[in-house]
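User: Can you take me through the ligand site and then the domains?
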Amino acid sequence: MAAKRVLSGMRPTGPLHLGHLHGVLKNWLALQEKYECFYFVADWHALTTEYENPRRIPEFSRELLLEWLSVGLDPAKSTLFIQSAIKEHAELYLLFGMIVPVSWLERNPTYKEMLQNLKHRDLSTFGFLGYPVLQAADILIYKAEKVPVGVDQLPHLELTREIARRFNYLYDREVFPLPEPLLSREAAKVPGIDGRKMSKSYGNAIFLNDSEEEVRRKVLAMVTDTGRPRKSDPGDPENRCVAFNLIRLYTPEARVKEIVEECRAARLGCKDCKRELAERVIEALTPIWERRAELESRKGLFEEILAEGHRRAREAARRTLEEVREVLWGPRYF
Ligand code: TRP
């Protein structure tokens with residue numbers, strides 16, 4: 001039996017950070033070993049919010065692809081592509097637009113929340129309201145069965161299932177399987193240096209393309225146990241220390257145990273502890289940096305990877321579109 005198909009996408013809106021690495025990319029890497037994976041740069045989705053400044057999107061798209069490759073996404077295993085290169089997404093989006101009630105879109109919690117959060121942008125556009133319809137087209141055009149996403153995307157996935165169900169029902173054919181979310185595991189909540197969720201817009205992120213110096217500086221600036229102003233005060237790393245969440249991700253278990261004991265016994269100071277952490281983070285990022293440098297030196301690599309990714313994606317998308325057209329219009333229309 002053929003491996004199940006997995007599909008996911010990311011909007012090219014800026015550099016990736018450790019939150020993406022642990023919350024998303026590690027998951028994608030594991031999946032490419034077991035499934036047939038399609039991963040794409042959602043540049044049309046980026047346009048829904050960045051339409052006033054679209055010129056930066058191509059640069060972000062290339063950067064995103066470079067980061068995916070440098071963490072180990074393998075174009076021999078996964079199909080990597082750019083959404084806007086596969087025009088069939090737009091056709092399916094248009095057809096779905098005909099069958100989706102506007103009320104489904106207006107009651108979407110992610111939509112309402114984004115309108116609230118991005119007050120400085122005018123998002124009262126047709127495209128922004130239709131965001132999840134485009135996302136449904138992205139997923140269903142590949143008949144993906146599994147979609148790795150974060151919890152914030154669950155409403156979109158539910159809508160995708162509703163659209164699939166409605167299409168199958170209206171035209172009385174099981175064209176689309178109902179895709180299921182694959183929630184990413186444990187480390188989804190990587191804290192930023194100030195203790196809030198790591199996010200580019202909070203200015204608290206450690207980026208994958210930060211230099212060694214920047215990583216060291218940021219780790220040393222991380223919030224620790226605020227109830228422990230002096231080294232001689234006993235700490236409570238598991239409950240009160242922000243940096244401890246990163247320590248757990250980057251330190252062998254036996255050493256984590258020691259750190260906890262030494263911190264509780266007021267033998268290990270926060271500064272020394274973070275120095276050690278910084279070196280561990282740097283050590284973990286070094287292979288990513290090295291791979292990135294190597295990829296950057298290989299001319300024509302992008303073109304090659306994308307040509308192959310686009311060929312594979314287009315083939316799958318075309319096949320679905322042919323079926324969709326036939327179900328809709330009947331055979332031999334023109
Ligand atoms: N909406 C997703 C996000 O913001 C990106 C996305 C677009 C996506 N199309 C998709 C994710 C299809 C999964 C499947 O992160």
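User: Which helix gives the most to the shell around the ligand?
Analyst: Helix 8, with four residues. Helices are DSSP runs of H or I with at least four residues, strands are runs of E with at least two, and both are numbered from the N terminus. This is a predicted model, in which local features need pLDDT of at least 70 and side-chain atom pairs pLDDT 80 or more, while totals for chains, interfaces and linings use all residues. Residues are numbered from 1 along each chain as its sequence is written, and side-chain values use heavy atoms, without hydrogens and water.

User: How many residues surround the ligand?
Analyst: 14, with Arg-11, Tyr-131, Gln-135, Asp-138 and Gln-153 the closest; near means a heavy atom within 4 Å.

User: Which polar side-chain atoms lie by a nitrogen atom of the ligand?
Analyst: One of Tyr-131 at 2.7 Å and one of Asp-138 at 2.8 Å. A polar contact here is a pair of N or O atoms within 3.5 Å; within protein, one must be able to donate a hydrogen and the other to accept it, and residues adjacent in sequence count only if both atoms are side-chain atoms.

User: And what lies 3.1 Å from an oxygen atom of the ligand?
Analyst: A polar side-chain atom of Arg-11.

User: OK, domains. What are the bounds?
Analyst: Domain 1 is 5–189 + 300–329 and domain 2 is 212–293, with bounds from an automatic or database domain assignment. Their centres, taken over C-alpha atoms, are 36 Å apart.

User: How much area do domain 1 and domain 2 bury between them?
Analyst: About 810 Å², 62% of it on carbon and sulfur atoms. Buried area is the accessible area (1.4 Å probe) that two parts lose on being put together, summed over both.
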